[in-house]
Amino acid sequence: MVFVPHTEIDRKAMLDAAGVDSVEALFAPIPSHLATQLDLPAGISEWEVERLLAERGAQNRKLSEFRRFVGGGIYEHWIPPEVPSLAGRREFMTAYTPYQSEASQGTLKAIFEYQTTIAALTGMEASNASVYDGATAVVEGCFLALRHTRRNAIAVSPGLNPRHQQVLRAYLEPQGFEIRPLEFQNGKTNENQIIGNDVAAVVIQNPNAFGIIESLHGIVEKAHEAGALVVASVNPISLGILASPGEAGADIAVGEGQPMGLPPAYGGMCFGFMACTKPLVRKLPGRIVGEAQDKNGRTGYTLTLQAREQHIRREKATSNICTNQALFALHATVYLSCMGPQGMREVATLCLERTALLRERLLKIPGVETVFDAPVFHEWAYRTPRPAEQVLAALHEKGILGGVELGHWTQNSFSQDEELSNAILTCATELTTNEDIEAYGSALEEVLR
């Protein structure tokens, strides 16, 4: 079967309109050194394709075959079975952008509940309907601050996820905005530093990229003294026990939503969450769903302030995001509803305890040293006498995914440091058992002998 929508008559009509007699003549103006000839193999049958894909798929190893200690922004947590069951319903799986509110009440209500839970979790007064991922959420927070303050500089903690730093640079630097690193000591942001009067926002991550718990209150105070906003990038699971951005006085809260009900999935099924204080709500990018009542007093839901979107007023749009990550945000809504405040506290506490046990076990091994002497949440950086790349490869052979090689991970970021060249960032969550920790310790001892 040929999957080509145009007949020969259609093709001839289009070529005649273009004034050429063949497809080859249509592309003739392209210089030969720029034209690429695809050397494609001959087609094969459908059953051969299925067999080929099955053979290729069998070359992959499943995550479940390993004991897993990898973090770095994407984390593995227990997902209640209600999450995929409810979020996988076909009315959600096949739903698209709710341009017509009257026909999208179910989707709009789900988004409204998402906004409510994110606002409560972050301690903020308003949330949008989600953005693309955690990195672009940081960018959107900075753009909001730049618009609000009309300043041209962003001060960034080196503790921000290195990948998020790269995305921030890719967006801001070509537009002429300055990105200025904050002072960083022993794995933490110096909370007593002076913030310049030209800074629109201070960006700080908590826990930071090295798992270290930052003190937000001091940074918030210094930023506000300089007239700057504070964009706090947070791990949502940590908010079960740590002070929320709202409680710390931050103006904008952002983060990666993947830990809330989504699996690691080879780097992420991701979405970004974003919330802010009430004075900034009209500058939020994306969508906000509002609750209203019709003339008969019945509750309904609608897109609120959607004139910010490019499909309504393109020249005044605050963001280039048009379709949000509503399905993944729905996973987070169900996850937070299932867990509740007590469940979130328990998960966060378990992460803290598991990481403390892992740290204690690995520090018993000769040659293993902690990189930063500071309190951590569920990630911890350690150094070994052997190159980190070799250590992680050897652990992999023993069925251990030992962590992230910090020297490579932090390349071209503000946090790049010679101290990190042989360092490994390892992670533990509520899914990490005592047996996992002992297996990691034993394997590392063998590798370092």
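Residues are numbered from 1 along each chain as its sequence is written, and side-chain values use heavy atoms, with hydrogens and water left out. Because the model is predicted, local features need pLDDT of at least 70 and side-chain atom pairs count only at pLDDT 80 or more, whereas totals for chains, interfaces and linings use all residues.

View A. Phe177 lies in the loop between α8 (162-172) and β4 (178-181), where helices (H or I, at least four residues) and strands (E, at least two) are DSSP runs numbered from the N terminus. With a relative accessibility of 18%, Phe177 counts as buried, a term that means under 20% relative accessible area, with exposed being over 50% and partly exposed in between (1.4 Å probe, protein chains only). Apart from neighbours within four places in sequence, Phe177 is in contact (heavy atoms within 4.5 Å) with Phe143, Leu146, Arg151, Asn152 and Leu172.

View B. In α12, which spans residues 388-397, Ala388, Val391, Leu392 and Leu395 are buried. These residues lie on the same side of α12, because they cover an arc of only 95° around the axis, the arc being that of the directions from the helix axis to the C-beta atoms. An α-helix has 3.6 residues a turn, so residues three or four places apart point the same way. The buried residues of α12 pack against β14 (379-383), β15 (400-401), β16 (404-405), β17 (423-427) and α14 (434-448), while Glu389 and Glu397, on the other side of α12, are exposed. Just after α12, Gly399 takes a positive phi of about 80°.

**View C. Salt bridges between side chains.** A salt bridge is a side-chain nitrogen of Lys or Arg within 4 Å of a carboxyl oxygen of Asp or Glu, and by this rule the count comes to 14. Glu91 forms one with Arg89, their closest N and O atoms being 2.8 Å apart; Glu91 is partly exposed at 41% relative accessibility, and Arg89 is partly exposed at 43%. Another salt bridge joins the side chains of Asp294 and Arg298 (2.8 Å, N to O), in which Asp294 counts as partly exposed at 32% relative accessibility, whereas Arg298 is exposed with a relative accessible area of 54%.
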